[in-house]
Amino acid sequence: MPIEVTMPKLSPTMESGVIAQWLVKVGDAIKEGDALADIETDKATMQMKSYDDGVIAHIDHAAGDEVALGARVMVLAKKGEDPKQVAAGVTGAKKPEAKAAAPADAAGNGKRPAEEPEADDGEEAVAVSGGRVRSSPLARKIAAEARIDLARVPGTGPGGRIVRRDVEDFLAGKTQAPAAKAPAPPKSAPAAATAPAAAPRTPIPAARISTAPLEEKRIPNSRMRKTIAQRMAQSKQTVPEIHVTVDVRVDKLAALRETLNKELAAEKVKLSVGDFVTKAVAVALRRHPALNATFEPDAIIRHGEVNIGIAVALEEGLIVPVLHHADELGLIEIRRGSEGLAAAARGGSLAGEQLSGGTFTISNLGMYGVKQFDAIINLPEVAILAVSAAEKRPVVEGDAIVVGTVMSLTLSADHRAVDGATAADFMRTLKNLLEEPARMLL
Amino acid sequence: MSAFSYREALNQAMTEEMDRDDRVFLMGEEVAEYDGAYKVSQGMLKRFGPRRVIDTPISEEGFAGIGIGAAMVGLRPIIEFMTFSFSLVAIDQIVNNAANVRYMSGGQFAVPIVFRGSSGMAGCLGATHSHRLEAWYAQIPGLTVVMPATPADAKGLLKTAIRSDDPVIFIEHEVLYHEKGDIPDGDHTVPFGKAEVRRPGKDVSLITYSRSLKPTLAAAEELAAQGVDAEVIDLRSIRPLDLDTLIQSVVKTHRAVIVEEDWPYCGLGAGISDRITREVFDELDAPILRVASADAPIPYNKQLEASMLPSVPRILAAVNDVVYR
């Protein structure tokens, strides 16, 4: 029996993947573990690997297609099977099961493109026919590198084909997606005093301009940005959040950190405050399994592992790689693990497992000198910890005011799963651990 | 560096090689007493005598076969076909013997032979004198196929062909014989498998060879006036093909038009287009277009003949299609 290869789940929230690039072609002999394609998920571009040996008899999708999770992407002929016969026997050539919303008819003439054009006669007036975006290979390559959805780019080539200059114009903000085309604002105010309804910006007199004027720019949303938008909105709109903030005195932790870093200098390891927070959170989660959980309508799942997601800011968005079994790791392993994940995130080379299985997330903005903030829960987890900067503040000690190093931590918790007292109790444990770091050893 | 005609360049190459190596000889119809149908072998009989410049009867299969046999036993024949259209009579010798002997003898025999002669639009000589058969020969493993466009390449490539230990199909062009150009002094040779960028550009790659170089360069000049910077590549060597130069060019320009005088169906441009597409598909911003001769026998009538060949307007039209103007 030939093997049907399906779209794998490469990230925990993935519902479909875009085939960014095929790395194999029909007729290729492949072995288990061979990379088949680059798949763009909602999080990152990752390689889809083969679980089987065989010869590729049939490929269902072209590069650029969006394919639903579990939908067939190719058929492999096993050893002893004739790939040609297998290909001939392939039925129900799967169409892309999920498709980016096609832009509205660019010409605005109300003609609906045919569902599936019978023949490619090159005469269609619109760029999108049957959901297929006509584009040159070069345009596709540039779009993939810039992470833009070609369906949003108006094509000016023959038959509406999107070519390089279209993508470049789009990236430069010279053109807009056809669907989003707003009525063009008047170029300049008419000289006569016919006050336009929507007044154009009054030009600033030249004398008052001290720097170059800001340029209005339209930046198309990447898949990652769209995912962030959708998931953040979903979290904020569906989760009744509770926020619990504690101030943590971290003088002892700072001293410990200094001592340890001296010891570790030879090994070129430099522990950050964040590493201590990660360690403390991992220890605290073991003691408060209610926070190491997932909420589902009919059950709360308390996880058997403590896998901490560490939010990493990228130029194009935000990604949360996961430090697995954080509770079993020492500080050095946490440092190295976080560094590795952050580097992989920035290099776009995170593997699927590094993006999945998180049970709790930490978001740290301490390096920006933030005093306190609330993070949005990374669904389906039930809580997230916002970490701010450790800074010198006046602290009341007995009846005296002294200078102490203080850090504010805020827990956002899903009140459907976590009650205020539970959240507060967790935060008290966390505070204790960080104020007396030796307790982490207990 | 001095200016000579294409036919003089070929004459120089043969003369110099026959001076250098007494195993080299020339054989064909009217190459001796008549000084060559196109006067390419002018003066050679006088210089080398009837043992080395040999007139043959109209018997292409016979003298091609004799040449192959002579090459197998150590001589270095140059076989002139009055036109390559007539080489079809000898095609069994060329394809079944010349191309295969080294392979089929397990390397015991080589066939160092040059089949040369004119080809292409001949100027009102009708269909059977005007064929372009480079795609036929280029398809055969074991044959090298070269097609010079300039006097310098005509001389340089022919000298390399005569020195080659394997059979070379050396296709000249009827209307180029009188074209003049500079030829470097001394022992000028041009290696096989090296294309020449005749005009650098960045907007579109025009890939051509032989007679079509001229209209292609003229088209490039017109394009420059219109703001399109075309790169013109002269293949010179049809097989082996200088894929590297082609790919470098397409990676730069992202568009290609192949200008070839042969017929379009399964023509040379089809093979070149296939190689480029496979190698650098992601660099292409437009389909590769081909400007070839019309898919018909070549007419006798002058205007009809001219109209079916690649011309400046046809090249401009193709370029406009790939740059989307």
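Helices (H or I, at least four residues) and strands (E, at least two) are taken as DSSP runs and numbered from the N terminus. The structure is a predicted model, in which local features need pLDDT of at least 70 and side-chain atom pairs count only at pLDDT 80 or more, while totals for chains, interfaces and linings use all residues. Residues are numbered from 1 along each chain as its sequence is written, chains are lettered from A and ligands numbered from 1 in the order in which they are written, and side-chain values use heavy atoms, with hydrogens and water left out.

In chain A, helix 2 spans residues 137-146, and its buried residues (under 20% relative accessible area, with exposed over 50% and partly exposed in between; 1.4 Å probe, protein chains only) are Pro137(A), Leu138(A), Ala139(A), Ile142(A) and Ala143(A). Helix 3 (164-171) of chain A is included in what covers these residues, contact meaning heavy atoms within 4.5 Å. Helix 2 of chain A is followed by Arg147(A), which has a positive phi, near 55°.

The size of an interface is often given as the accessible area lost when the parts come together. Chains A and B bury about 950 Å² between them, 48% of it on carbon and sulfur atoms; this buried area is the accessible area (1.4 Å probe) that two parts lose on being put together, summed over both. On the side of chain A, Pro137(A), Leu138(A) and Arg164(A) lose the most area to chain B, together 45% of what that side buries. The contact takes 13 residues from chain A and eleven residues from chain B.

One salt bridge (a side-chain nitrogen of Lys or Arg within 4 Å of a carboxyl oxygen of Asp or Glu) is found across the interface of chain A and chain B. Glu283(B) forms a salt bridge with Lys141(A), and the closest N and O atoms are 2.4 Å apart. Helix 2 and helix 3 of chain A are the elements that give two or more residues to the side of chain A that touches chain B, and helix 2 gives the most, with five residues.

In chain B, five of the five residues of strand 11 are buried. Ala230(B), Val232(B) and Asp234(B) lie on one side of this strand, and Glu231(B) and Ile233(B) on the other. Strand 11 of chain B pairs (at least two DSSP bridges between two strands) with strand 9 in the antiparallel sense over three bridges, and with strand 10 in the parallel sense over five bridges.
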